[in-house]
Amino acid sequence: MHQHDTLIPAELLQKSDKILFIAHLALGDFTYLQNFFKGFAAQNPHMKIHLWVDEVRRTADASQWPHLKKYALYDWTAACPFFAKVYTRTYSPELYRESIAEARREDYPIVVSLATLRPHLYAALAREISPEGWVVGMKKSVKLFQPHHLLAYRKLDAAMPPYRSTTPEHHISDVYAHWFQQLSSLDVSGAARFPFVDIPAQWHQYAQDQLEAWQFALRKGKLVFINPYAKTRKRCWPLEHVAALIQAMQARAGWEDACFIVNAVPQELAHAREVIGRYGLQRTQLFSAEENFFQLPAMLACCDLIISVETAVMHLANAVRVPVIALMRQKNPEWVPVDRDHSTVITAPGRRDWVKAVTVEQVMKAI
């Protein structure tokens, strides 16, 4: 790709002092996208990078706001040195309007939407934020009965297709690489695409204190982290399987002294305590990052092995360089952990199977 073929004109990049990226982000997305924002910042040191984190669960229902406000990703983006500003107050209609007004006052010369869901709405949002700026966004092919989508896409100065990568056997990081290659000829390849997480010292200390409180700090055996929870039920693994796996591992030579941390999302903690409690398991503790996002990677970094369903934990395992056994459906192969040398993927047998179809025996074999 030649300099003049980029979606953001090279001379505009050179003379602009800031840029706004708009994205709806899950932790898994950001685990891979972070490298590209970091690379873009290094490529354009004269620019301030602002990030708009759009909340797709935006609601007028005030009872939802406290947990939307505490979204773990905000802790992470706040700690990233390459963002000069992050918009995180988009979870209620009123705050959304306020944020748009705030963004308009910034007078962005360039706005890029990386939103792949309902991209026509984000094309309109990007243009609303920057009436005079250069606006780039995702564009899906438009069906005949969607003339309003066409009108929205006309607001873009440049467009790119949401999911196209240059290789058929592509990983999600290949998709992101293709986006940034088109935007500014940025090249992030090989190990530079491996996830990373810079954990502040206080959270490393927190993890050490927690292990001491559980009496795991001076353990003889290995420390194993098991995460059975994901956003959708299709990707979760039953707690009964978790208990059976712990029993099987503790009965196996070399793992008799192993200690186990079972991750639970805050709203499932009480239920997990009850189910796991029934089994009377030795050296097993429940964990939930209730206070801050960094509690999770700090704890993962202390472990010898991570076993997780297809969710952020699985990607963060690569980021903290701990071997992972990933339990996945066949549906989304582009989301396998990218660090092949430290990852073992176990896939549910049938094309339509949920993750719960993965057996304890399969996991024991992988161990």
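A salt bridge is a side-chain nitrogen of Lys or Arg within 4 Å of a carboxyl oxygen of Asp or Glu. E102 and K85 make such a bridge here, with their closest N and O atoms 2.9 Å apart. Please keep in mind that this is a predicted model.

**Salt bridges**

- Across the whole structure, a search finds 11 salt bridges.
- E102 belongs to helix α5 (residues 93-106) while K85 belongs to strand β3 (residues 85-87), so their bridge ties together parts that are 17 residues apart in sequence.
- E102 itself is partly exposed, having a relative accessible area of 26%.
- Another salt bridge joins the side chains of R58 and D54, at 3.1 Å from N to O.
- Within this pair, R58 is partly exposed at 26% relative accessibility, whereas D54 is buried at 4%.

- K234, K331, R351 and R352 form a positive surface patch.
- One of these residues, K331, is found in the loop between β11 (324-328) and β12 (343-347).
- K331 has a relative accessible area of 45%, so this residue counts as partly exposed.

**Aromatic pairs**

- The structure's count of aromatic pairs comes to 22.
- Among them is the edge-to-face pair of F21 and F37, with 5.2 Å from centre to centre and 70° between the planes.
- This pair links distant parts of the chain, with F21 in strand β1 (residues 18-23) and F37 in helix α2 (residues 27-43), 16 residues apart.
- F21 is buried at 0% relative accessibility, and F37 is buried with a relative accessible area of 0%.
- F40 and F180 have ring centres 6.3 Å apart and planes at 65°, so they too make an edge-to-face pair.
- Here F40 in helix α2 is linked with F180 in helix α8 (residues 172-184), 140 residues apart in the chain.
- F40 and F180 are both buried.

Notes: Residues numbered from 1 in each chain as written. Predicted model: local features only at pLDDT ≥ 70, side-chain atom pairs only at ≥ 80, totals over all residues. Heavy atoms only, no water. Buried < 20%, exposed > 50% of the residue type's maximum accessible area, 1.4 Å probe, protein only. Helix = DSSP H or I, 4+ residues; strand = E, 2+ residues; numbered from the N terminus. Patch = residues over 30% accessible without salt bridge, like charges linked within 9 Å, V, L, I, M, F, W, Y side chains within 5 Å. Areas by Shrake-Rupley, 256 points an atom, 1.4 Å probe, with all protein chains shown as cover. Lys, Arg positive; Asp, Glu negative; His and termini not counted. Charge placed at Lys NZ, Arg CZ, Asp CG, Glu CD. Phe/Tyr/Trp six-rings, centres within 6.5 Å; stacked < 30°, edge-to-face > 60°.
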